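Colleague: I would like to learn how to read side-chain features from a set of coordinates. Could we work through one case together?

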Amino acid sequence: MIQILVRYCTLFVLTLLVLTIISFSLAYLFPGDTLENLTGLVPQNEIQRAALEKQFKLDQSYVIQFIYYVGNLLTGDWGYSFTSGLPLREEVGIAMPATIELATYAMLMALFIGIPLGYYAGIRCYSTSDHLINSTSITTYSFPVFWFALLLILIFSLQLDVAPLSGRISLIYDIEPVTGFILFDVLLSDIENKSLALKDALSHLALPTFAIGAITTASMIRITRRSVIDVKHRPYIAAAVSRGLSSWQIFFRHILRNALLPILPLMAIQITTLITNAMIVETLFSWPGIGNWLIQAIYQRDYPALRIGMMAVSTVVITLTILVDLFNRMIDPSREKYERATV
């Protein structure tokens, strides 16, 4: 396990190094002034420009500039936004939790709905219920996430008027951002009518979470169903049937765990899809997450925000993917032994 940790730490550092080099290079590749692209600061005169260039080592070699840039990233000095003039660290710190919140609730939806339905469809494979679940999951999975989100808006927001169209919570509630997760922030706040505020936040969460989670749930159903069917045809299942074990005993003793193990590594792949879909859906629901923030930065040509936003999203995706894979290895130690034997 120590070797695995060392390997992942090395991979994490090397990947971040490559991302940092790309992020630093974008300041030179974007149109406009390099100093402004790198810092987000617009000098008012030549004296101020010379002082800023000296501060950010732009009067020295690229290597010195890059080392100083990495030092600023590590200390939280990420520059400033062209449009708002605020530090990018603060803006990313506000936008990123909103995106992670949507992705987290969508993943919980996929786990608590997709895996049980996948198990049921796999156990009852080729039955009427299996065909219904499988066809529904295939149809849902084929929907583009932006089209599905627009369909939900059209039906539930514009036609039925049962769900809000945009935002995280109504403007009548003044919620102090503490964790970045709106439900937790409502619970931690000291406002009156907290239950009404929580209900309002849930109504704002419903459509964007379902738009992302439905497609992930469909994918989880298909993966789980295929894994269960594969386990059902293993020799030890036939041996358990010959010993006279009941269907429930076979399921809980043999199928449940053995079918779950192949599913866990695939969850790491779903993280990237979840984050990407969340960033797409945010723009449709005006959800103040990192995706919507980056889209606004593109429209306004806020190059420092684009540079740091790319770095932040990539870092979060890489970190979550590594953590999920390490969790999978802790649950299934035989996977590490198998990989070691095949090397």
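This is a predicted model: local features need pLDDT of at least 70, side-chain atom pairs count only at pLDDT 80 or more; totals for chains, interfaces and linings use all residues.

Colleague: Start with the overall make-up. How many helices and strands does the chain have?

Modeller: The chain has 15 helices and zero strands. Along the principal axes, its C-alpha atoms fill a box of roughly 90 × 60 × 40 Å.

Colleague: What share of the residues counts as buried?

Modeller: Of the 343 residues, 46% count as buried. The accessible surface comes to about 18700 Å², and 67% of that belongs to carbon and sulfur atoms.

Colleague: What part of the contacts comes from residues 24 or more positions apart?

Modeller: Among contacts with a separation of 6 or more, 69% are accounted for by residues 24 or more positions apart.

Colleague: Now the rings. How is a pair of aromatic rings described?

Modeller: The description uses the distance of the centres and the angle of the planes. In this structure, a search of the whole model finds 15 aromatic pairs. Take Phe 56 and Tyr 68: the ring centres are 5.9 Å apart and the planes stand at 85°, so this pair is edge-to-face.

Colleague: Where do Phe 56 and Tyr 68 lie?

Modeller: Phe 56 is in the loop between α3 (46-55) and α4 (62-75), while Tyr 68 is in helix α4. The pair therefore ties together parts that are 12 residues apart in sequence. Phe 56 counts as buried because its relative accessibility is 9%, which is under the 20% limit. Tyr 68, at 24%, counts as partly exposed.

Colleague: Which pair links distant parts of the chain?

Modeller: Tyr 119 and Phe 251 form an edge-to-face pair, with 5.7 Å centre to centre and 85° between the planes. Tyr 119 belongs to helix α5 (residues 88-123) and Phe 251 to helix α11 (residues 247-260), and the two are 132 residues apart. Tyr 119 is buried, with a relative accessible area of 7%. Phe 251 is buried as well, at 15%.

Colleague: Which residues do ring pairs link into a cluster?

Modeller: Phe 24, Tyr 28, Tyr 62, Phe 66 and Tyr 69 are linked into a cluster by ring pairs.

Colleague: Which residues are linked in a network of salt bridges?

Modeller: The network consists of Asp 33, Arg 49 and Glu 53. Arg 49 forms a salt bridge with Glu 53, the closest N and O atoms being 3.9 Å apart. Arg 49 and Glu 53 are separated by about one helical turn because they are four residues apart in helix α3. Glu 53 is partly exposed, with a relative accessible area of 27%.

Colleague: With which side chain does Arg 225 meet in a salt bridge?

Modeller: Arg 225 meets Asp 130, at 2.6 Å from N to O. Arg 225 is in helix α9 and Asp 130 in helix α6 (residues 128-141), so this bridge ties together parts that are 95 residues apart in sequence. Arg 225 is buried at 13% relative accessibility, and Asp 130 is buried at 0%.

Colleague: What about Asp 200: how far away is the nearest side chain of opposite charge?

Modeller: That side chain is Lys 199, 9.2 Å away. Asp 200 is buried yet has no salt bridge. Asp 200 lies in helix α9 (residues 194-232). Not counting residues up to four places away in sequence, Asp 200 touches Ile 169, Ser 170 and Tyr 173.

Notes. Residues are numbered from 1 along each chain as its sequence is written. Side-chain values use heavy atoms; hydrogens and water are left out. Buried means under 20% relative accessible area, exposed over 50%, partly exposed in between (1.4 Å probe, protein chains only). Lys and Arg count as positive and Asp and Glu as negative; His and the chain ends are not counted. A salt bridge is a side-chain nitrogen of Lys or Arg within 4 Å of a carboxyl oxygen of Asp or Glu. Contact means heavy atoms within 4.5 Å. Rings of Phe, Tyr and Trp (its six-membered ring) pair if their centres lie within 6.5 Å; planes under 30 degrees apart count as stacked, over 60 as edge-to-face and the rest as tilted. Accessible areas come from the Shrake-Rupley method with a 1.4 Å probe; for residues, only the protein chains shown count as cover.
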